[in-house]
Amino acid sequence: MTFDFSKYEDELLFVPLGGSNEIGMNLNLYTIGGKWLMVDCGIGFANDYLPGVEVVVPDISFIVERKDDLLGLVLTHAHEDHLGAVPYLWRELECPIYATPFTTSFLKHKISEMGPGKKPKLHELPTGGSVKIGPFGIDLIDLTHSIPEMQAVAITTSAGVVMHTGDWKFDAKPLIGPVSDYDGLKKYGNGNVLAMVCDSTNVFVEGESGSEGEVQIHLSKVISECTQRVVVTTFASNLARVATVIKAAHDAGRMVCLAGRSLHRVVAAARESGYLSNEVEFIDERDIMNIPRPDALILCTGCQGEPRAALTRMAKGEHPNIKLTPGDAVIFSSRKIPGNEMKINWTLNKLVERRVEIISEKEHFIHVSGHPARDELKRMYELVRPRIAVPTHGEARHLHEHAKLARSLGVKETVEAHNGAIIWLAEGEASVIGKVKSGYMAIDGLSLIPSDGDILRTRRKLRDDGALFVSVVLDNKGGLQHPVQLSAPGVLDVKEDAELIEECIAELTHLLEHVKPRSSDEQIKESLRLCLRKLFKKELDKKPVIEVQIARV
Ligand SMILES: [Zn+2]
Ligand SMILES: [Zn+2]
């Protein structure tokens, strides 16, 4: 049964469509008085379950049906898991977008790649700024993260205030951008916050996340001690880290080259917003091999082993401009994101084969997370003092642990969200009261397809079990006109399995010779499929995808 929102018109409801089953793909909805507000619209990364697909976005059909009442999209920051889906989904929503200058500038670069058609209207807000969007009063609050201008969103409604934290940490030395606005948080914390919807990424990490300022000291030292060419890989979006690497390179008398599209994009946005001086010069990647090895530093993408990233291509020896030589150092100023270990290890093995020296956070303090560890979460709850805690930005196990932590800190009510849950944010009533359609859409080349649809189901089967293609030519009485053709890509080898292929063709031919003259093509196809299914089960214990084509002459 569909949920009747009209019964809750004066109430404040929270409906996450992404980010509450996973770390990534954040999309959050708030509603009151029949109007809707969206906070963030991000992508997620696909797993092996979706062969040939790298990126997924939330299924937004629920809010598309209500798009006339969707008043706006507020972006907390410029990370892909918070705004990366805008170019794919905005044309279905066509709502105004609100963001700070750096986030806007970053989004503009992405939108420019959207191709012809309607483009979103961007409303730039200053950091810490305010705006009224229908029944939602929006106040932005500066929080530190691994990218500049991360803004918590305090949403004031007639039913109470929600503190939507976005991604954050507390860092006394963030290097780029201000420290978190404790006073801004405290202002709301005087018993005024009904609910806090908060980052759960590092809820299992004890203590604090550590400071970017500390990383700078250690990374500079590591780079200064290298004697040959240096390659540093990190998350392109971590602008503080990018700036640290550039500074350390210059201090060590090295020229810097950027390798990877997302790095160029983030550096362009940083320059536009004044976070990086225009005087910082980079050397073109086509020229970097002409620089003596002790004078060169390459800052590149690929710290997660992404197949097409610059470092992966260097490791394979397939980068068009950059070749690694024995004795070069590759510094991973990053961590292995769970799920990426195999890809990263593959890159590491290839680098070892090239006799390159690898330096990682295991040996040196050269990476910190942008998300709060437990002590920071405790401090946030002390500052904001919400009556209800709704953990988000995590898998079920993160949300559960975060809810436990919140209760231990004296928060009276907690709700463990999941994508599609309708959560009633009312004191004494906080709970999941219904659900809406949610799920994943896969970015498949240039199209957007359902992750649980026929195309990907068949592709999965093709990958796991291979395929059999049979083609048959009959006359209009059902007589066989040409020898039966059979191919079995991914199942049989033309030479090795010639005998089995012959046997299949013989069985099919025998079957066709005894087919009733009046049989329809569909009936014939089904009996051929049945025959092959039995044969392959018996001979190979395999269930390939079977395609039969019949032509009539
Ligand atoms: Zn983030
Ligand atoms: Zn995030």
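Reply: Two strands are said to pair if DSSP finds at least two bridges between them, where strands are DSSP runs of E with at least two residues and helices are runs of H or I with at least four, numbered from the N terminus. This is a predicted model, in which local features need pLDDT of at least 70 and side-chain atom pairs count only at pLDDT 80 or more, whereas totals for chains, interfaces and linings use all residues. Residues are numbered from 1 along each chain as its sequence is written, and chains are lettered from A and ligands numbered from 1 in the order in which they are written.

Me: What makes E14 and strand E16 a pair?

Reply: E14 and strand E16 (residues 296-300) share 4 bridges in the parallel sense, and since at least two are required, the two strands count as paired. Thr 233 stands opposite Cys 300 in E16. With strand E17 (residues 329-332), E14 again has 4 parallel bridges, and there Val 231 has Val 330 as its bridge partner.

Me: Which way do the residues of strand E14 point, and are they buried or exposed?

Reply: From strand E14 (residues 230-233), Val 230 and Val 232 point one way and Val 231 and Thr 233 the other way. In a regular strand the side chains alternate between the two faces of the sheet. All four residues are buried, which means that each has 20 or more other C-beta atoms within 10 Å of its own, placed from the backbone (12 or fewer would be exposed, and values in between partly exposed). By that rule, 45% of the 553 residues of the protein chain count as buried.

Me: How do you know what Ile 298 is in contact with?

Reply: Contact requires C-beta atoms, placed from the backbone, within 7 Å, and, leaving aside neighbours within four places in sequence, Ile 298 is in contact with Val 231, Cys 257, Ala 259, Ile 288 and Ile 322.

Me: What makes domain 1 and domain 2 separate units, and how many of their residues are in contact?

Reply: The bounds of domain 1 (11-207 + 369-450), domain 2 (212-359) and domain 3 (466-552) come from an automatic or database domain assignment, so the division rests on that assignment. The centres of domain 1 and domain 2, taken over C-alpha atoms, are 30 Å apart, while 16 residues of domain 1 are in contact with 17 residues of domain 2.

Me: Why do strand E25 and E26 count as paired, and in which sense?

Reply: Strand E25 (residues 467-474) and E26 pair in the antiparallel sense over 3 bridges, which meets the requirement and therefore makes them a pair. Phe 469 has Ser 487 in E26 as its bridge partner. These strands belong to an open sheet of 3 strands in the order E26-E25-E27, with mixed pairing; strand E26 (485-487) and strand E27 (545-552) are its edges, each pairing on one side only.

Notes: Two residues are in contact if their C-beta atoms, placed from the backbone, lie within 7 Å.
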